[in-house]
Amino acid sequence: MGSEAPIHVFMVSFPAQGHINPLLRLGKCLAAKGSFVTFATTKTAGKSMRTANNITNKTVTPVGDGFLKFDFFEDGLPDDDFTKKSLSDYCAHLEVVGKQYVSEMIKKHAEENRPISCIINNPFIPWVCDVATQHNIPSALLWIQSSAVFTAYYSYFHKLVRFPSDEEPYVDVQLPSIVLKYNEVPDFLHPFSAYQFLGTIILEQFKNLSKPFCVLVDTFEELEHDYINYLSKLLLIRPVGPLFKNPKAIGTNNIRGDFIKSDDCIEWLNSRDKASVVYISFGSIVYLPQEQVNEIAYGLVDSQISFLWVLKPPSKESGFQPHVLPDGFIEGTREKGKVVTWSPQEEVLAHPSVTCFMTHCGWNSSMEALTLGVPMLTFPAWGDQVTNAKFLVDVFKVGIRLGYSQSEKKLVTRDEVKRCLLEATVGKKAEELKQNALKWKKAAEDALAGSSDRHLDSFMEDIKKRGAVSIKDT
C-alpha cells in the first residue's frame, strides 16, 4: 500500500439485525481491500451481537489487507424504556444522542491521527450525513433494499409517477420496465399500511440525498440492470452485492450482526438426502399470527416434505405470545423435520440438502437465496417484502407466490401450503425454478469477481480523491 495512511471508514448502523448485517458485510469487504473500518451501533445491539457471535468491543480484527473494529455507543435509555416501544420516538431520540456521538468520534479520530475518510450509514438514520457534511467529511449511503425499491421511493418522493393515495388507493404504479399493482408497491407508501410512519422515516433519507456523494446498493448489475441504469442518470449509484458472499472477506464468518445465537442444524441437514429439505424462516422481525402458524404446520404434515423451520421467540418489546405448534406436531414430524429458534441462514441455504426456501422476502434473505441458487415460496409481510416477492416470482422467476402482505389479512390455508410446497419441490415447475435460480447463482458469482468488485474498487478511489480535495481545502 506504500506509505499512505489507510482509508478510515466509519460506519454507523441503525440498531436492527437486518440493518446491521448488510452494513457489517460491506465493512468486511472494504476492510479486506485494505481499509480500516470502525463499525458503530448502540450498546444494546452490541450486547446482543456479542452474546450471539463472540464479538469483542474495542479490539481490532484483521480482515484481508485491512482491519475492523467495533465501537458501541450508549443510547441513554434503559432496556424497558417506553421510547423503545415506539419506533418513531426511538428514531428521534437516537438522532439526538447519535449526532453528538458521531461528532465526538470525528474529533477523537482526528486527534489520534487516524482521521475519518468517509462515513457510511444505512436507512432510518439519515442525520448521519448531516454530521458528516458539517465536518466536511465525504459520506455515502448503503441502501439495504433492492434498486427497484429505491426507484419506487425516489419516484414517490419526487412525484415522478402516480402512487396510490387516500382518494385513489387502487392505482397501478409505472416504474421502469414494470407496472406494480397497488398491492405490489413497497407498502409503507400505501394508505392501507399500518406502518406508514416507516415510509416517512425512509423518505427522510430521500430528503437528504444531496449529501451522500454515493449510494451503495446490496445488489448486482446483472440482476437489476434496468433500475441501476435508470438511477445512474440521477445519482452516483454503485451496486456492490451480494455483500454476504464476498470472497475477499472469507474467514470472517463468525463476525456477524445476528442478535440470536443459532441452533445447530447443519449436522441434522448433513443427515438428509440431497435437495429434500424445505427451509422456512421469516427473518428477524416478521411475526406471523398463530392461526397462520397452524396452517403452515398442517400443510407440512399433509405434504410429507422434510423441513427445517425457524420459529423465533417474540421480542420483549412486541408483547406477542410465543407461538404454539399444534398438538402432536413435533412427535408426528420427528422423522421428517426440525424446528429451531434461529439458524445460520447462509450456511443453511448453501447446504446441498436444501431444496427450497419459504421466506418473508426481506432483501437480505432474497439476495442470499438468489446467490446460492435456491428457489423460493414467497410469504411477504410488509414494506419492500411485497415488492421483492413480485420480482422473485414474475421477473427473476425463481419463486411461487404463497402468502400475502399482512395488510391484506388473508389466511393461507393448509391446502394451499401443501399445494405450493409440492409444486416448488417436485415436477416441471420445480425444475424450471431451479434452473432459473442456478442462472442467478452464476450471475452473482460473476458479479463478485467482476462488476461488483470493480464498483467497490471505484468507491475506494472516490474516497481517496475526495480526501485529497478536502486536504487542499483546509
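Me: Let's start with asparagine 21: is this residue buried or exposed?

Reply: Buried means under 20% relative accessible area, exposed means over 50%, and partly exposed is in between (1.4 Å probe, protein chains only). Asparagine 21 has a relative accessible area of 8%, so this residue is buried. Keep in mind that this is a predicted model: local features need pLDDT of at least 70, side-chain atom pairs count only at pLDDT 80 or more, and totals for chains, interfaces and linings use all residues. Residues are numbered from 1 along each chain as its sequence is written, and side-chain values use heavy atoms, with hydrogens and water left out.

Me: Where does asparagine 21 sit, and which residues is asparagine 21 in contact with, leaving aside neighbours within four places in sequence?

Reply: Helices are DSSP runs (H or I, at least four residues), as are strands (E, at least two), numbered from the N terminus. Asparagine 21 is in helix α1, residues 17–32. Contact means heavy atoms within 4.5 Å. With neighbours within four places in sequence set aside, asparagine 21 touches Arg256, Gly257 and Asp258.

Me: How many residues does the largest nonpolar core have?

Reply: A nonpolar core is a set of buried Ala, Val, Leu, Ile, Met, Phe, Trp, Tyr and Cys residues joined through side-chain atoms within 4.5 Å. Here the largest has 115 residues, and Ile119, Trp143, Phe150, Trp309 and Met358 have the most contacts inside it. Helix α3 (residues 87–111) gives the most to this core, with seven residues. There's also a second, separate core of 35 residues, which includes Leu24, Ala140, Phe213 and Leu456.

Me: How many aromatic pairs does the structure hold?

Reply: Rings of Phe, Tyr and Trp (its six-membered ring) pair if their centres lie within 6.5 Å; planes under 30 degrees apart count as stacked, over 60 as edge-to-face and the rest as tilted. The structure holds 26 such pairs. Tyrosine 156 and phenylalanine 163 make an edge-to-face one, 5.1 Å centre to centre with 85° between the planes. Tyrosine 287 and phenylalanine 320 are stacked, at 5.1 Å centre to centre and 15° between the planes.

Me: Which parts does the pair of tyrosine 287 and phenylalanine 320 tie together?

Reply: Tyrosine 287 lies in the loop between β11 (277–281) and α9 (290–303), and phenylalanine 320 in the loop between β12 (306–310) and α10 (329–332), so the pair joins parts 33 residues apart in sequence. Tyrosine 287 is buried at 10%, whereas phenylalanine 320 is partly exposed at 48% relative accessibility.
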